[in-house]
2 protein chains.
Amino acid sequence: MFSPRKVFELPEYTTVSGRNIKKVRVGYETWGQLNAARDNAILVCHYFSGTAHATGRYREDDPLPGWWDVLIGPGKAIDTNRYFVICSDTLCCIRVFDGHVVTTGPATINPETGEPWGPDFPVIGIDDLVHVQSALLDHLGIRQLHAVAGPSAGSMQAVQWAVEYPERVQRVLAIISPGLSLHPYVWSMSHCMCAAIRNDPAWKDGRYALKQQPLLGMTQAFHLLNLNGLSFEHLENAYGHDWADPQNDPRQALSNDFRSNAGLAALAAASAQISDANHFLYMERACALFDVRSRIQQAKARFLFVPVENDLTFPPFMSERAVSEIRAAGGEAGMTVLRAAGGHYAGLATIHEAGDAIERFLE
Amino acid sequence: MFSPRKVFELPEYTTVSGRNIKKVRVGYETWGQLNAARDNAILVCHYFSGTAHATGRYREDDPLPGWWDVLIGPGKAIDTNRYFVICSDTLCCIRVFDGHVVTTGPATINPETGEPWGPDFPVIGIDDLVHVQSALLDHLGIRQLHAVAGPSAGSMQAVQWAVEYPERVQRVLAIISPGLSLHPYVWSMSHCMCAAIRNDPAWKDGRYALKQQPLLGMTQAFHLLNLNGLSFEHLENAYGHDWADPQNDPRQALSNDFRSNAGLAALAAASAQISDANHFLYMERACALFDVRSRIQQAKARFLFVPVENDLTFPPFMSERAVSEIRAAGGEAGMTVLRAAGGHYAGLATIHEAGDAIERFLE
């Protein structure tokens, strides 16, 4: 299932905040075939630190497939034998340096100055991400979507699609979703992640050279992001009470640590290496601004919410609340709770366990 | 209810890790009267960033009373007309600079060098805190405790008391408790708080001058501590979706923020000012080392656990698990869940709502 990144370019884009960005470029991947009626397209939106590589492997020996490989593919719940699936790198995609991502944001060149935008990049919202995706669909000649689907921040985009372009969206599949707005608790937590970046002297108010990123702060930001994405059960099962080094008792020196801390730090450092600090801050703000509550009556799509039982980031009450709000506005919405031990990230890793409900919803 | 801090001094103490500390000093307060039989004493242990000032006001115009004022006092659930209540600043009490605390830790002078201990202070555990409290009780001539009570890290001390000194403890009242050991998820989260301190260049591997504390990192550490201590409900009720400044739309600049972030930052900065960074790191480790599971059959006390329904730091399953473990070891334990919107900190602020259950348990 080879799928090289394609690139979509918009000569210019005006943000919701009223600022102009010249030469907006985003990468995208597609799977399956667009049918003659052009009505079998499903747009998949990626999560906070995700990319357009939603499924498949570029090469057989790739260590990991795309991030929703359990859900998308031939014969899977989002069946690429039936549907034409599109996923694009968002505007301001965090994982800028993973070798595949094509995006436009603080780490990319502002054609008007010839320099990276840095902190002069305009603030963007989830709506801006969706506007660029809409232009991509125009370019692909797709008028209406069979569905828009996404996990976490991807679900925000999916929900936003339904209010921005009611005529274009038949179904919204919102996995591990915050509902119709980001909860103040969640942005207060992500603010702590951003503080780790901002408190790193290497951040320099966002005016760091690209090769001199605030890696310490970024690593700490991803560390906290991942911890919130996991669960009590996962930490207990994966690390237990083990020491980082069986020879070095944490009772004897503060520098002797526990295995969970070392494990999560290594995971976070790997993410930091391929990401951009300003992109993290801008995407955090885009999520905090997400709020379609006052516009939800405009949506014409049917909604399915799939929260994960022990999700610490977006607990199931947020999906429940969204279902109530949509129904109160006259819309159609349902919910299936995924029973999983993995926390928020189960919405990526084990989402196929809700595959039947998702498949039925897409019928 | 005036109660000036008294000071208890031990000429020396050997930690569980085998290191010697000369001239250990801790402050303490007492309320009520020790009866002639000397059997009406209740030891109250303070939480992570708490102090010996558990109840009452020093002066009538003190803005705030002690931290468990709703629970302890004449006619309250822990009735100082009946009980003699003692609370001591722990070893390594975090709030070193609040003007009242007397403690021994990295920020205090090592008599052998004449310099502050700094990072040369030995690692301590909850057991070490309890050993010093035990010496204080010897000094006060109290052989047996009617009860040991505490919230959060105070509950760890209370539970530890029951296994260290089974003959001295009749009852353990464990409020918002982690159970019989700290869960790996919790120390992974508190590790993120500590990372904020360690990543602050002003920390200097713990060898900062006392007037040049890593305040940025400390503030961030308390910010994350407090956020985990609160709840989704609290953040929504207290701050909602408000902007920090109604004139400055977060959509227009990253530096325009939300009110919850500004509010939590101010709260955290106030705590950082009166605390010591190394004490925070040492107390975090003491909590991470807490684990009495293999010794719980030694306890002879009856236990009451009072978790808070929506506690994000120590969710009720931890208390449930502790009750099962104690019963499996042949002990006697019960649980009352406090229904409250405030999260973990409801175990301080609104614990009187479980007052009846607590009063009955103390009979």
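This is a predicted model: local features need pLDDT of at least 70, side-chain atom pairs count only at pLDDT 80 or more; totals for chains, interfaces and linings use all residues.
Axes are lines fitted to C-alpha atoms, for helices over the stretch in contact, and angles run from 0 to 180 degrees between N-to-C directions. The crossing of α6(A) and α3(B) is right-handed; this term applies if the near helix is turned clockwise from the far one by less than a right angle, and left-handed if anticlockwise. From α6(A), Ser260(A), Asn261(A) and Leu264(A) make the contact, and from α3(B), Pro184(B), Trp187(B), Ser188(B) and His191(B). Contact means heavy atoms within 4.5 Å. The residues of this contact of α6(A) with α3(B) comprise 3 nonpolar, 4 polar and no charged. Here Ala, Val, Leu, Ile, Met, Phe, Trp, Tyr, Cys and Pro count as nonpolar, Asp, Glu, Lys and Arg as charged, and the others, Gly among them, as polar.

Residues are numbered from 1 along each chain as its sequence is written, and chains are lettered from A and ligands numbered from 1 in the order in which they are written. Local features need pLDDT of at least 70, side-chain atom pairs count only at pLDDT 80 or more, and totals for chains, interfaces and linings use all residues, while side-chain values use heavy atoms, with hydrogens and water left out.

In chain A, 8 strands form an open sheet with mixed pairing, in the order β1-β2-β6-β3-β9-β10-β11-β12. Its edge strands are β1 (6–14) and β12 (332–335), each pairing on one side only. The twist averages 20° from one strand to the next. Helices (H or I, at least four residues) and strands (E, at least two) are DSSP runs, numbered from the N terminus. Two strands pair if DSSP finds at least two bridges between them.

Strand β3 (residues 41–44) of chain A runs parallel to β6(A) (residues 84–88), joined by 4 bridges. Val44(A) has Cys87(A) as its bridge partner in β6(A). Strand β9(A) (residues 147–151) is also parallel to β3(A), through 3 bridges. Ile42(A) stands opposite Ala147(A) in β9(A). Ala41(A) and Leu43(A) point one way from β3(A), Ile42(A) and Val44(A) the other way, and all are buried. Buried means under 20% relative accessible area, exposed over 50%, partly exposed in between (1.4 Å probe, protein chains only).

Strands β10(A) (residues 171–175) and β11(A) (residues 302–306) pair in the parallel sense over 5 bridges. Arg171(A) is partnered by Arg302(A) in β11(A). Helix α8(A) (residues 316–328) packs on the sheet and touches β11 and β12 of chain A; its direction makes about 160° with that of β12(A). Helix α2(A) (residues 153–164) lies across β3, β9, β10 and β11 of chain A, at about 155° to β9(A).

Chain B also has 8 strands in an open sheet of mixed pairing, ordered β1-β2-β6-β3-β9-β10-β11-β12. Helix α8(B) (residues 316–328) lies across β11 and β12 of chain B and runs at about 160° to β12(B).

Most residues other than glycine have a negative phi. Asp205(A) has a positive phi, near 55°. Asp205(A) lies in the loop between α3 and α4 (215–229) of chain A and is exposed, with a relative accessible area of 58%.
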